[in-house]
Amino acid sequence: MIQPIFLVGARGCGKTTVGVALAQALGRGFVDTDNYLLTTTNMSVADIVAQEGWDGFRARETQALKNVTSPDVVVATGGGMVLAEHNRQFMREQGVVIYLRAPAQILANRLEAFPQEGQRPTLTGKPITDEIVEVLAAREALYRQAAHHVIDASQTPDAVVDAVLAALQIARAS
Ligand SMILES: Nc1ncnc2c1ncn2[C@@H]1O[C@H](COP(=O)(O)OP(=O)(O)O)[C@@H](O)[C@H]1O
Ligand SMILES: O=C(O)C1=C[C@@H](OP(=O)(O)O)[C@@H](O)[C@H](O)C1
Ligand SMILES: [Mg+2]
């Protein structure tokens, strides 16, 4: 049975980067919930948060998750998608959920090199490393709860894709 694949994990773990490569390897469609919101609302995450607060953004990302889900798609979620219990349940029931896990320092290094502030406005007002440590501590259990598989995301994107394919026991389509 073909099921959607949902990538979850903290900011910078590579959900978007790996998602594109995984979809290509499987010959599937790819969709990113943040990009979906950007193109459907013409607003960045920072714009939405400025106008509607984080609660408004969270409501929109829940709707985006439902809108983008179809059987043959790879979905890169935003790092906070797992915060809502119904999102975790939806993903687990509808498809296969992969937690891309990496240590805080690796995440911080990637985000410092490529902050994308419009899509990643501050969550805590703290410096990146402090924020990542705090957010991971708060969410680690949620990522694990949501996930069917936990993959080491500190490897190269290609190696992460191979690890996901091995976990799913499927071969590359190309
Ligand atoms: N496995 C990886 N190894 C090295 N750099 C990575 C890896 N995955 C992602 N990156 C880099 O980290 C940054 C954040 O990646 P992104 O895919 O946007 O993460 P996420 O969607 O999980 O926030 C980007 O600059 C990307 O090129
Ligand atoms: O961790 C979070 O709460 C968020 C992560 C971001 O996505 P990425 O994980 O793709 O950076 C984006 O959805 C938004 O800024 C909120
Ligand atoms: Mg992303």
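Leaving aside neighbours within four places in sequence, D32 is in contact (C-beta atoms, placed from the backbone, within 7 Å) with T16, G19 and A76. The model is predicted: local features need pLDDT of at least 70, side-chain atom pairs count only at pLDDT 80 or more, and totals for chains, interfaces and linings use all residues. Residues are numbered from 1 along each chain as its sequence is written, and chains are lettered from A and ligands numbered from 1 in the order in which they are written.

D32 is found in strand β2 (residues 29-32); helices (H or I, at least four residues) and strands (E, at least two) are DSSP runs, numbered from the N terminus. D32 counts as buried because 22 C-beta neighbours lie inside 10 Å. A residue is buried if 20 or more other C-beta atoms lie within 10 Å of its own, exposed if 12 or fewer, and partly exposed in between, with C-beta atoms placed from the backbone. T16, in helix α1, has 19 such neighbours inside 10 Å and therefore counts as partly exposed. Not counting residues up to four places away in sequence, T16 touches D32 and A76.

In the UniProt record, an unreviewed entry, the feature "binding site" is placed at T16 and D32. The two positions span 17 residues in sequence, yet no two of their C-alpha atoms are more than 6.6 Å apart, so they gather at one spot. UniProt positions are given in the numbering used here, feature names are shortened, and annotations may be inferred rather than shown by experiment.

Ligand 1 is surrounded by 15 residues, of which the closest are G14, T16, T17, R110 and F114. A residue is taken as near a molecule or strand if its C-beta atom, placed from the backbone, lies within 6 Å of it. Helices α1 (15-26) and α7 (157-168) each supply at least two residues of this shell, and the largest share, three residues, comes from α1. The shell around ligand 1 divides into six nonpolar, six polar and three charged residues. Here Ala, Val, Leu, Ile, Met, Phe, Trp, Tyr, Cys and Pro count as nonpolar, Asp, Glu, Lys and Arg as charged, and the others, Gly among them, as polar.

The surroundings of ligand 2 consist of R11, K15, T16, D34, V45, G78, G79, G80, Q119, R120 and L123. This shell comprises two nonpolar, five polar and four charged residues.

In helix α5 (residues 104-113), the buried residues are L107, A108 and R110. Viewed down the axis of α5, these fall within an arc of 165° (the arc of the directions from the helix axis to the C-beta atoms), so they line one face of the helix. The buried residues of α5 pack against α6 (128-146), while Q105, E112 and A113 are exposed on the other side of α5.

Q116 counts as partly exposed because it has 15 C-beta neighbours inside 10 Å. For N42 phi is about 65°; its place is in the loop between α2 (33-41) and α3 (45-68). N42 is exposed, with 8 other C-beta atoms within 10 Å.

Technical notes:
Two residues are in contact if their C-beta atoms, placed from the backbone, lie within 7 Å.
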